[in-house]
Amino acid sequence: MGRLMNPLNMLMSYAFDKSPSHRPVWRLLPLEAVPVGRQMVFGAACSGGAVLLRLPLEPFLEGRAPFVLFFPAATWAALRGGSTAAATAVAIAVVYAVITPGLLFHSAPQPWLPLALFAFASALIGLTVRELRLAVNELRVRDQALQAAHKHAHLLVCELEHRVKNSLALASALVKMTARHSENVADFVRRFEPRLQALSRAQTLLTQTEWRAPNLSSLIEDSLAPFLGTIDPAIVIVPGGTFTVPVASAVSLILILHELATNAVKHGALSRPGGKVQLSWVVEEGAPATRLDWIETGVAKISDPNRTGFGAELFRVLGRDSIRIHRAFQDSGFTCRIHLKADRDAERRLEGLLT
Amino acid sequence: MTQILLVEDEPLIAMDIAGTLEDLGYPVEAFAHTHAEAISRLSHMKPDLVILDVNLAGGREGLDIATRIRAERGTPIIFVTGHTHSDIITFARDLGRTVVARKPVDSQALASALQTVLAA
């Protein structure tokens with residue numbers, strides 16, 4: 001059975017498959033409960049209208065079908081007003097039928113039977129309409145929730161689009177920067193691939209934290225994952241206090257740590273036996289900031305291998321107010337101190353956007 | 001020489017855009033990475049062109065900066081954004097002397113945006 005062949009589907013489609021302002025059933029059934037007094041007045045008005053309509057027709061009807069106009073009156077009262085309005089309309093219809101000459105008690109052989117049938121049918125109409133009102137209200141509430149969810153999903157898709165484009169822009173910048181420092185295509189691929197992996201790890205971490213400020217400890221572990229446990233001597237991490245890295249600085253910090261580790265493996269402490277790297281951090285008292293110390297030992301007198309290379313350019317570009325980088329090539333080994341500032345205002349704004 | 005202020009919170013992207021602009025003959029005079037930095041720069045300089053990231057630190061603070069710029073002067077603006085929202089296009093059109101360039105910004109798109117906005 002096709003959708004159009006099913007009358008119920010057709011009715012539902014007509015009633016609900018339109019924009020909210022064009023849904024006839026919704027306009028028919030008010031959401032808010034109508035006060036009892038107003039319901040009674042409305043019910044009386046509905047039956048009053050039926051009486052007025054019947055009066056000029058009476059000479060033609062001659063007492064037949066005494067409730068023919070009161071059924072739609074009671075239904076309309078139930079739909080627009082509620083149970084009390086319907087009961088009022090029915091009561092007025094009964095009174096009218098009883099007292100009017102030529103109707104029930106003046107012409108019918110068994111006047112109580114049509115009266116009882118009318119009351120019974122009206123009660124059924126009232127109950128049906130009541131259930132319909134409840135169902136429609138439930139649908140309306142669900143529709144509102146659906147629309148809110150749809151709006152939220154649209155916002156998330158837009159946000160995702162923005163972040164994907166931003167990531168592509170970042171990758172594009174890394175491509176150009178790496179290309180400037182590569183000798184040939186093979187060299188470019190060798191240099192770029194791990195940086196792209198670092199960028200990918202940054203995206204994974206931010207996705208895991210739902211784009212909220214990640215914990216510094218997790219960020220460090222993720223950044224150095226390719227180097228931890230695979231290199232002997234390993235990098236030793238000495239945890240400091242808890243610190244959340246601002247989202248705006250997370251990608252930069254991951255790229256910085258990746259570059260530090262890469263340089264250590266190529267030219268520094270991790271490039272030969274006896275070398276060691278210690279990464280520690282201290283959360284600065286009274287200020288929403290932390291200080292990270294990357295200290296390489298065991299390999300003395302390393303000259304700056306990246307004076308004009310990718311690393312130097314990266315550190316120069318990424319170093320700014322929220323991340324300050326100070327590198328030193330000392331006789332005892334290479335050290336790098338990173339001051340990282342939290343941006344609580346930005347975090348609050350971001351939190352507001354995400355919730 | 002056209003004085004350009006570049007407002008972009010991601011330093012690598014800022015450097016990339018600045019490099020592209022330099023190749024096109026438009027070196028960047030000043031950088032800002034945050035809303036506050038941008039406002040501070042604007043109070044000290046009168047750029048001939050502002051290149052503005054729409055999303056700064058999560059929010060659409062670029063739009064607020066653009067509104068402030070337009071309230072004070074008619075400086076042309078190039079928005080750089082990953083969004084394809086029609087509301088940003090409408091906002092830019094209503095603002096006047098504004099062009100929207102999509103991220104990642106390529107040299108051709110930036111050249112075209114510069115031509116449009118500086119000729120207006």
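In this predicted model, a salt bridge joins the side chains of B:Asp16 and A:Lys176, with 3.0 Å from N to O. The count of salt bridges between chain A and chain B is 1. Read on for the surroundings of this pair, and then for salt bridges elsewhere.

**Where the two chains meet**

- Between chain A and chain B, the count of residue pairs in polar contact, both at pLDDT 80 or more, is 2.
- On the side of chain A that touches chain B, at least two residues each come from helix H7 (112–180), helix H10 (247–266), helix H11 (310–318) and helix H12 (344–354) of chain A.
- H7(A) gives the most to this side, supplying 15 residues.
- Sorted by kind, the residues on the side of chain A that touches chain B are 16 nonpolar, 9 charged and 4 polar.
- In total, 29 residues from chain A and 22 residues from chain B take part in the contact.

**How much area is buried**

- The size of an interface is often given as the accessible area lost when the parts come together.
- Here, chain A and chain B bury about 2,200 Å² between them.
- Carbon and sulfur atoms account for 61% of that buried area.

**Salt bridges inside chain A**

- Over all chains, the salt bridges number 17.
- One of them pairs the side chains of A:Glu259 and A:Arg195, at 3.1 Å from N to O.
- A:Glu259 and A:Arg195 are both buried.
- A:Asp293 and A:Arg291 also form a salt bridge, and their closest N and O atoms are 3.4 Å apart.
- A:Asp293 is buried, with a relative accessible area of 11%, whereas A:Arg291 is partly exposed at 24% relative accessibility.

- In chain B, B:Glu72 forms a salt bridge with B:Arg73, where the closest N and O atoms are 3.7 Å apart.
- B:Glu72 counts as exposed, at 62% relative accessibility, while B:Arg73 is partly exposed, with a relative accessible area of 22%.
- Back in chain A, A:Asp187, A:Arg190 and A:Arg191 are joined into one network by salt bridges that share partners.

Technical notes
Residues numbered from 1 in each chain as written. Chains lettered and ligands numbered in written order. Predicted model: local features only at pLDDT ≥ 70, side-chain atom pairs only at ≥ 80, totals over all residues. Heavy atoms only, no water. Contact = heavy atoms within 4.5 Å. Buried area = accessible area lost by both parts, 1.4 Å probe. Salt bridge = Lys/Arg side-chain N within 4 Å of Asp/Glu carboxyl O. Polar contact = N/O pair within 3.5 Å; in protein donor to acceptor, adjacent residues only side chain to side chain. Helix = DSSP H or I, 4+ residues; strand = E, 2+ residues; numbered from the N terminus. Nonpolar A, V, L, I, M, F, W, Y, C, P; charged D, E, K, R; others polar. Buried < 20%, exposed > 50% of the residue type's maximum accessible area, 1.4 Å probe, protein only.
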